Amino acid sequence: MTTSRRPFREFDDSYDVESLRLARRVIRGLTMSMRHIVLAPGSRSAPMAYALREAEDLGAITVHVRIDERSAAFTALGIALATKSPVGVVTTSGTAAGNLLPAMMEADLSGVPLVAITADRPEELHGTGANQTAWQQGMFAGRVRDEIHLEQGEARLEPESRDDMLAAETQVGLLLRVATGSSPGPVHLNIGFRDPLVPSEPAAAHQPGAQRWARTPFVPRRVTGTGSPEQLRAEIIGGEILGDRAADRPAVDAQDPAAAERTEGNREAQDPAQAPAESGPQLAPRRTVFVMGAEAPAEARELARRLGHPLLAEPSSDARWSDLGAIQGYRLILQAPEGSPASELAGSIERVVVAGRPTLTRPVQQLINRADVEAVQYAPGGEAWFDHRLARRRLADLPSIALFAGVAPAGWQDAWSERGLAAQRLIDAALTEQETLAQGELSSVRVAQFVAETVKTPLLLGSSSVIRDVDLAAVLNRSVLESESGPRSRVADDGGRRVYAMRGLAGIDGNLSAASGIALARNTRVTALVGDLTFLHDVNALLVPATEREPDLDIVVVNDSGGAIFDQLEHGAVGRREGQAETVERFFGTPQTVDIEALADAYGHEYHFADDLESLGEGLSGIEDRIGIRIIEVRTDRTVLRDFHARLRSASEHL
Ligand SMILES: Cc1ncc(C[n+]2csc(CCOP(=O)(O)OP(=O)(O)O)c2C)c(N)n1
Ligand SMILES: [Mg+2]
């Protein structure tokens, strides 16, 4: 149900300066679908600041103030990630606007409706040497779904001819519809404001009550209409699409690929395109796996489960945390040395359905690109990062995916689950061995595993190593490993766990700010697990103006004094060449010795140092009794990681 908007005429701000009147119209347009806005201070944007203050008083929007524009933009991005609705970030003119670019780029590729609202000088001041004046129109070109420029007219508009103002409001509303449309993403609103930029004093006789906010209540975006993923999912789960064929699937030995071919029965059904339409789709037995990347649609998970296919799920897909079919330690299976049972299992994969965007590891990319494997992307529409001209084949609807994936031969899922449990035990044993070698010093992989398995809050996984370590080592439900009866005894642990990660561009910038935004929007404590460089890159996220609500945020910093990830890539090998260690350390490792405790102290936040799992657990506990930001530092040694991963690989020979 919606309440009607109050007609425009009821707004009585005719007494006020034009800049304020324009700002109010803009904000009215924004509040049609926007509930949060982040503002960084400045002079040219002053009309927006005053008008936002009014709007906040009227209950139309929540305003957050941040001093650093880059942090402001990433905070807005975090709020948008958590609320799945458009969030604005307001800046003054000049380089202030330029600082939004990284978050706009991330929003572009992760399809987040971030609305850059940049104040500008009037057009005639451009090119005259006026202070803080740069050409801002189109400055995010190619990264935004749409952009508009509003120029405040020179002449004061008469109250009875407010067409320009009304048009501004409508244009802003339309811009937001683009941001949240079928291909959601960032948009840019540039506004040329003219002096004066502060509100006039209303006459003593003025009735302030006349200026009441009118807004349409927010209605979350819903996919509707025939063929929507939800509908299709209902049909599939209800058996309308698959009928009872999944239940009737022929018994095929998963370890005997040829057996699947022999019992396939319906040859025509091998190619979904050739399936006879009248008789309905036929599902052939197939050894398929579903790779679930960032933002993988939930209905793909349900389909995989229904068809009996294993899920190879990255931590930023919900499938990793809320489903029974996710395979533990799958990376180890995919990269197991040739001749091992695990490598045979991985080698027998015939088809891969990719849902969402996997970005973390090479074994997954190699699987998708394998010459003997057919891979399709399930992309129901609006994926910001998917270009079918460049990437693999795309299928947009679940019935086509079901036809492509076929049903799992008997034993397929169990073979993966059992191998996955063995892989997980191997990983845990390797971690214990590592800790013995390092005389009890914590491994960063162990820290990532512990945090991901322990915290109950929403979790933001920083770019670089931590998300990959969680991907490698974290288990949804540890009791599975301890249980003797194996995979069948698993208990679903779907506590609504939500894991966030910046997988649009995987930057190490803005991670803490995005986590703050998520905490503010969800009104709950969030845990951010980040590397030391990721922490320091966005340390200004700790700067919360004294007037603002501090986000409830636990930041776990895995401090290994520099970038660990590079040593695990090609640079690690280069660094081991004669005389190259110093170069690689200087240009890639980039060691740092910042005193994080002193930083926490300087910003006025709680600090906890953890040197073992017990004290890490203590640092993360008691969340009901505390507010604000806590920084939990764990020191680890990145120089041991290359050998650790090598040992793990060779241990998987017998997997
Ligand atoms: C904004 C940005 N700059 C640079 C990079 C390249 N980069 C990727 S990982 C990394 C090092 C990260 O180090 P840290 O946060 O300490 O994580 P670690 O790998 O040590 O766990 C860098 C510089 C990036 N991804 N984003
Ligand atoms: Mg580091």
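Reader: Which residue in β2 is the bridge partner of L39?

Author: Look across from one strand to the other. Keep in mind that this is a predicted model. In β2, L39 is bridged to V65. That bridge belongs to the pairing of β1 (residues 36-39) with β2 (residues 62-65), which is parallel and has four bridges.

Reader: Now for helices. At roughly what angle do the axes of α9 and α14 cross?

Author: Take the direction of each helix axis and compare the two. For α9 (residues 298-307) and α14 (residues 398-405), the angle is roughly 35°, and the axes come within 11 Å. The crossing is right-handed.

Reader: Which residues make that contact?

Author: From α9 come E299, L303 and L307, while α14 brings L398, I401, A402 and A405. Sorted by class, the contact has six nonpolar residues, one charged and no polar ones.

Reader: Let's move to the ligand. Which residues come nearest to ligand 1?

Author: Start with the shell, then pick out its nearest members. There are 18 residues around ligand 1, and the nearest are S465, G531, T534, G563 and A564.

Reader: Which elements give two or more residues to that shell?

Author: Those are α17 (465-473) and α20 (532-537). Helix α20 gives the most, with three residues.

Reader: And how many residues of the shell are nonpolar, polar or charged?

Author: Around ligand 1, seven are nonpolar, seven are polar and four are charged.

Technical notes
Residues are numbered from 1 along each chain as its sequence is written. Chains are lettered from A and ligands numbered from 1 in the order in which they are written. This is a predicted model: local features need pLDDT of at least 70, side-chain atom pairs count only at pLDDT 80 or more; totals for chains, interfaces and linings use all residues. Axes are lines fitted to C-alpha atoms, for helices over the stretch in contact, and angles run from 0 to 180 degrees between N-to-C directions. A crossing is left-handed if the near helix is turned anticlockwise from the far one by less than a right angle, and right-handed if clockwise. Two residues are in contact if their C-beta atoms, placed from the backbone, lie within 7 Å. Ala, Val, Leu, Ile, Met, Phe, Trp, Tyr, Cys and Pro count as nonpolar, Asp, Glu, Lys and Arg as charged, and the others, Gly among them, as polar. Two strands pair if DSSP finds at least two bridges between them. A residue is near a molecule or strand if its C-beta atom, placed from the backbone, lies within 6 Å of it.
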